[in-house]
Amino acid sequence: MSLSAAAITEERVLQAAKTLLKEWLTSWFDGASHALGTVTPNPTFPALTGTGQVQFDQSAETQPLDGLSARIVVHRGRERTHWFTASESTDSWLVSADVLVDFYVRCKDAKGMPESNRRVNEAADLLKAILSNPVARVTLAEKGVTHARAQLPQTLVSEHYAVRLVVCSAQLQYQVNF
């Protein structure tokens, strides 16, 4: 599986990261079975079917709230630059920006809250698994999203839908030529 979105660059750090994360997330959560390390049989990933499927930051909730969906919030932290010579005529910096990525996984199922909780637990556990698996993250690393470390899903309370939060620390890496 490869990603078609552009790699992270100095002009589009956060927007490129969000676009890559959305494409990566929807390529896994597509209703199909995917190989995940030594897990057999291959787990079937539920499809993101909610009206909003994948949203970002504080954007308005897409109505109606139905199905399985995700919200991605990227918090930018410190940056470090590393000097290197890319070629005889070009000097560069490799910039590493620490980020926290919050994945809010939500579900509102027509069968009620127990089914919503079952579905959101399954999706959050699978999300944590792929974020923790270096092979599953290769396509992200090739585009500049590296060193991902996911925490266990946390249950958040909502009277309208089941929601879990998966927090992941990562680094965004990109090159600046001058």
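Predicted model: local features only at pLDDT ≥ 70, side-chain atom pairs only at ≥ 80, totals over all residues.

Q: OK, how many salt bridges does the structure hold?

A: The structure holds 7 salt bridges.

Q: Let's take one with D109, then. Which residue does D109 form a salt bridge with?

A: D109 pairs with R119, and the closest N and O atoms of the two are 2.6 Å apart. This pair links distant parts of the chain, since D109 is in the loop between β3 (90-108) and α2 (113-132), while R119 belongs to helix α2, and the two are 10 residues apart.

Q: And are those two buried or exposed?

A: D109 counts as buried because its relative accessibility is 17%, and the cut-off for buried is under 20%. R119 is buried as well, with a relative accessible area of 17%.

Q: What else does D109 touch, leaving aside residues up to four places away in sequence?

A: With those neighbours not counted, D109 touches E115, S116 and R119. There is also a backbone atom to look at, as a polar atom of the D109 side chain lies 2.7 Å from the backbone nitrogen of K111.

Q: You mentioned E115. Which residue forms a salt bridge with E115?

A: That residue is R118, and the closest N and O atoms in this salt bridge are 2.7 Å apart.

Q: How are R118 and E115 placed in helix α2?

A: R118 and E115 are 3 residues apart in helix α2, so they are separated by about one helical turn. As for accessibility, R118 counts as partly exposed, at 44%.

Q: Changing topic a bit, what about R76, which residue does its side chain meet in a salt bridge?

A: The side chain of R76 meets that of E79, with a distance of 2.0 Å from N to O.

Q: Why do R76 and E79 count as partly exposed?

A: R76 has 39% relative accessibility and E79 has 38%. Partly exposed covers what lies between buried, under 20%, and exposed, over 50%, so both residues belong there.

Technical notes. Residues numbered from 1 in each chain as written. Heavy atoms only, no water. Salt bridge = Lys/Arg side-chain N within 4 Å of Asp/Glu carboxyl O. Buried < 20%, exposed > 50% of the residue type's maximum accessible area, 1.4 Å probe, protein only. Helix = DSSP H or I, 4+ residues; strand = E, 2+ residues; numbered from the N terminus. Polar contact = N/O pair within 3.5 Å; in protein donor to acceptor, adjacent residues only side chain to side chain. Contact = heavy atoms within 4.5 Å.
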